[in-house]
Amino acid sequence: MGAKILIIEDEKKIARFMQLELEYEDYQVAVEYTGPAGLKRVAEEDFDLVLLDIMLPEMDGREVCREIRKISDLPVIMVTARDAVFDKVEGLDIGADDYITKPFAIEELLARIRVHLRRRDKQEREDNILQAQNLIVDLNKYQVKRKGELIELTKKEFDLLAYLLRNKGIVLPREEILNKIWGYDYIGETNVVDVYIRYLRSKIDEPFAQKLIHTVRGVGYVLRDDR
Ligand code: CA
C-alpha cells in the first residue's frame with residue numbers, strides 16, 4: 001500500500017481533484033475540510049504527509065501547521081493561493097517543509113510529495129527509528145512512543161519490541177526470539193517469551209484500538225503493520 005496522505009482543503013473541488021490524482025498514484029488519501037478536523041485526524045492516525053491549504057475557515061493553515069508541529073514531525077506541504085502572501089521564510093517559521101502555489105500542475109505536486117516521502121524514509125533510517133503505525137521506537141534515545149505518548153519499557157521489553165519491529169511482518173518462532181533476546185545459554189522459565197510478550201502487549205497494544213503484536217498459534221509471534 002502507498003503512503004498515507006491527508007489533504008486539509010476547504011475547497012471541495014480542489015480537494016477532490018487532489019484526492020483522485022493521489023489515489024491514482026496508489027496513495028491512501030484522507031480529506032478534511034477544516035483545520036480542527038484535520039488536526040484531529042493527525043492526532044488520531046498515522047499519516048506520512050499532509051497537504052495543507054493556507055486559507056482555511058475556522059483556523060488558518062499557518063496555525064494548523066504550528067499545531068501539527070506540536071504533535072508530529074511528518075512532512076507538511078502548504079498549498080497557497082497565488083495572492084496569498086507566503087514565502088519560504090514564513091514556511092520555515094511555521095514548520096512547513098515545502099509549499100506549492102495554486103494553480104499547480106499535478107506532476108509538480110506529485111514530484112514534491114515523492115521528494116518529501118523519500119527524505120522522510122531516509123531520515124528515519126538515519127535516525128535509527130523503527131515504526132509501525134503510530135508506534136515509534138527511537139533506538140538512539142531508547143524511547144518508545146505510541147500516538148505521541150511516551151511508554152516506559154524495561155530493557156528486555158525494549159529489546160524484544162525492537163526485534164519484532166525489525167522483523168515486521170515476519171512470524172518469529174518462540175525459540176528464535178528466546179535465542180536472540182535471552183541468548184543461547186539462557187536457563188530459566190521456558191515461557192519467558194510469552195510472559196514478556198504479555199508485558200509488551202499490556203503497554204503498547206492494550207490501550208490502543210489497533211493491535212500490532214499477533215500470536216501465531218503453535219509457532220510464535222509477529223508484529224504486523226496492517227493499515
Ligand atoms: Ca482555501
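This is a short talk through one protein model, from its overall build to a few individual residues.

Okay, ground rules. What you're looking at is a predicted model, where local features need pLDDT of at least 70 and side-chain atom pairs count only at pLDDT 80 or more, while totals for chains, interfaces and linings use all residues. Numbering starts from 1 along each chain as its sequence is written, and side-chain values use heavy atoms, with hydrogens and water left out.

Big picture, then. The protein has 8 helices and 12 strands; those are DSSP runs numbered from the N terminus, H or I of at least four residues for helices and E of at least two for strands. Along the principal axes, the C-alpha atoms fill a box of roughly 70 × 30 × 30 Å. Of the 227 residues, 48% are buried, where buried means under 20% relative accessible area, exposed means over 50%, and partly exposed is in between, with a 1.4 Å probe and protein chains only. The exposed surface comes to about 12500 Å², with carbon and sulfur atoms supplying 49% of it; areas are Shrake-Rupley with a 1.4 Å probe, and for residues only the protein chains shown count as cover. As for contacts, meaning heavy atoms within 4.5 Å, if you take those with a separation of 6 or more, 55% are between residues 24 or more positions apart.

Now the metal. Which residues coordinate the calcium ion? They're D10 and D53 through OD, and M55 through O, at 2.1 to 2.3 Å. Donors here are N, O and S atoms within 2.8 Å of the metal, or 3.2 Å for Na, K and Ca, and water is not among the atoms, so sites may look incomplete. Along the chain the spacing reads D-x42-D-x1-M. That ties together distant parts of the chain: D10 is in the loop between β1 (4-8) and α1 (12-24), D53 is in strand β3 (residues 49-53), and they are 43 residues apart. Are those two aspartates buried or exposed? D10 counts as partly exposed, because its relative accessibility is 27%, while D53 counts as buried at 2%.

Next, H116, which is in helix α5 (residues 106-126). At 4% relative accessibility, H116 is buried. Its side chain has a polar contact of 2.9 Å with the side chain of D98. By polar contact I mean a pair of N or O atoms within 3.5 Å; within protein, one must be able to donate a hydrogen and the other to accept it, and residues adjacent in sequence count only if both atoms are side-chain atoms. Setting aside neighbours within four places in sequence, H116 is in contact with L49, P75, I77, D97 and D98.

K102 and P103 are joined by a cis peptide bond, omega about -5 degrees, and P103 is in the loop between β5 (98-102) and α5. D26, not a glycine, has a positive phi near 80 degrees; D26 is in the loop between α1 and β2 (28-32) and is exposed at 55%. E58 also isn't glycine and has a positive phi, near 70 degrees. You'll find E58 in the loop between β3 and α3 (61-71), exposed at 68%.

On to the hairpin. Strands β6 (residues 129-132) and β7 (residues 135-138) run antiparallel, joined by 4 bridges; pairing takes at least two DSSP bridges. L130 is bridged to V137 in β7. There are 2 residues between the strands, and Q133 in the turn has a positive phi of about 50 degrees.

R146 is buried, with a relative accessible area of 1%. Beyond four places in sequence, R146 touches several residues, including Q133, N134 and D205. Its side chain makes polar contacts with the side chains of N134 at 2.9 Å and D205 at 3.0 Å. C-alpha to C-alpha, R146 is 31 Å from M55.

Last stop, an open antiparallel sheet of 3 strands, ordered β10-β12-β11. β10 (172-173) and β11 (213-216) are at the edges with a single partner strand each, so one side of each has no neighbour in the sheet. Helix α6 (residues 155-166) packs on the sheet, touching β10, β11 and β12, with its direction at about 70 degrees to that of β12. Those angles run from 0 to 180 degrees between N-to-C directions, using lines fitted to C-alpha atoms, for helices over the stretch in contact.
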